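Biologist: I would like to go through this structure term by term. Please set each value against its definition.

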Amino acid sequence: MAWGNAVLSDNQNDVEACLAARGYEVGISTGGTAESTSSALFSTVASRGRHAMSTKCVNEGFEAIVGASRDLREVLDLVRTVAPTDSTALIEGETGTGKELIARAIHEQSARRDRCLVKLNCAAIPLGLLESELFGHERGAFTGAVTRKIGRFEAANQGTLFLDEVGDIPPELQPKLLRVLQDGEFERLGSTQTQRANVRLVAATNKDLAKLVAHNQFRSDLYYRLNVFPISVPPLRHRSGDIPLLVRHFVRIYSERMNKPITWIPIKVMEELIRHSWPGNIRELQNFIERSVILTDGNTLRLPVGGLEHAAELDSLEPITLEQAERHHIRKTLEQAHWVVGGPTGAACRLGLKRSTLYFRMQKLGISRVHGEPIVA
């Protein structure tokens with residue numbers, strides 16, 4: 001392949017400076033880390049001839065997000081569209097895809113950027129405390145309520161409230177959430193006084209809310225109120241072309257944090273990372289790179305022995321859809337055929353398909369060569 005051995009360059013000029021200003025980062029969970037490392041992008045140089053890999057500067061205004069794939073650019077275009085409004089946005093995607101970063105981007109691109117962004121993970125709060133966390137409580141409202149507490153809606157007044165894992169809100173609380181979304185009104189626990197809050201809501205979920213509605217596990221009227229502007233964040237396996245950018249970004253973060261002079265990523269290492277399906281998405285990739293940096297002694301990135309193989313075994317136990325199975329099979333066949341589509345030894349012949357049919361399936365399933373070289377017809 002044409003990746004060559006990737007070199008981590010310290011020169012922040014031309015392509016590097018442009019990437020540092022306009023790069024993507026999806027999956028860093030804390031804003032502080034993203035801000036402190038947004039300028040840590042660097043060039044990739046092929047070992048054969050030391051020719052710099054060309055990378056387009058895209059998506060200005062999203063300095064905390066790393067990636068250049070079409071799917072990611074489409075997501076950020078949706079963010080640009082909805083952010084200036086006060087409309088509710090529903091971010092859907094698998095765990096670890098960076099939904100919180102998208103929510104933060106919506107807030108930072110909105111007119112409320114100078115106000116606070118308040119976050120709450122609905123799945124992490126016990127049922128008995130979730131109502132108090134959302135709406136607050138008065139002193140004596142329940143055992144242990146020794147002082148008045150301001151809820152998240154009240155704290156986010158004039159700002160943005162991000163409710164993560166909104167699909168885990170219990171049915172008994174859903175009518176109260178619907179009311180505050182429609183009217184901006186609520187009462188603290190233990191109070192009869194109505195409070196008002198001007199809050200822009202951004203919600204996220206890794207569940208299929210429409211399916212929950214069909215099974216009477218989620219209120220349909222609340223779902224329609226949340227689903228004003230849906231944004232679907234693609235899993236990492238659907239945008240494998242972003243993996244090299246993310247790998248180099250995370251290597252730079254952890255090598256600097258651990259004072260390790262890692263400047264070299266071998267071609268085989270990068271290819272292994274690109275081929276892996278990453279069921280845990282960017283969060284899994286980030287943690288894996290951190291472990292790899294810990295194990296690296298010299299200046300060349302070293303992967304944990306058996307790390308990816310073990311993850312692949314765990315991944316194989318998970319159920320997959322027919323579309324995922326088809327995508328995996330076509331990609332493997334293309335790799336075996338060295339990305340030659342036509343001819344007696346090409347991928348189309350091996351799959352028993354017409355060349356035009358294979359091109360159509362590749363386009364529909366989002367299959368392309370990760371390093372940008374043309375596919376041989």
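This is a predicted model: local features need pLDDT of at least 70, side-chain atom pairs count only at pLDDT 80 or more; totals for chains, interfaces and linings use all residues.

Modeller: Residues are numbered from 1 along each chain as its sequence is written, and side-chain values use heavy atoms, leaving out hydrogens and water.

Biologist: What makes β2 and β7 paired strands?

Modeller: Strands (E, at least two residues) are DSSP runs, numbered from the N terminus, as are helices (H or I, at least four residues). Two strands pair if DSSP finds at least two bridges between them. Strand β2 (residues 89–92) and strand β7 (residues 200–205) have four bridges, in the parallel sense, so they meet the definition of a pair. Within this pairing, L90 stands opposite A203 in β7.

Biologist: How do you know that β3 and β4 pair?

Modeller: Five bridges join β3 to β4, and the cut-off is at least two, so they count as a pair. N121 stands opposite D164 in β4. On β7, the bridge partner of L163 is A203.

Biologist: Why are β3 and β8 said to stand at the edges?

Modeller: The order of the open sheet is β3-β4-β7-β2-β8, with parallel pairing. β3 (117–121) and β8 (229–232) each have a single partner strand, so one side of each has no neighbour in the sheet.

Biologist: Why is β4 called mostly covered?

Modeller: Buried means under 20% relative accessible area, exposed over 50%, and partly exposed in between (1.4 Å probe, protein chains only). Five of the five residues of β4 (residues 160–164) are buried. T160, F162 and D164 lie on one side, L161 and L163 on the other. In a regular strand the side chains alternate between the two faces of the sheet.

Biologist: Why is the pair of W278 and F288 called edge-to-face?

Modeller: Rings of Phe, Tyr and Trp (its six-membered ring) pair if their centres lie within 6.5 Å; planes under 30 degrees apart are stacked, over 60 edge-to-face, and the rest tilted. For W278 and F288 the centres are 5.6 Å apart and the planes make 65°, so the pair counts as edge-to-face.

Biologist: How do you know that W278 and F288 are buried?

Modeller: W278 has 1% relative accessibility, so it counts as buried. F288 is at 4%, so it is buried too.
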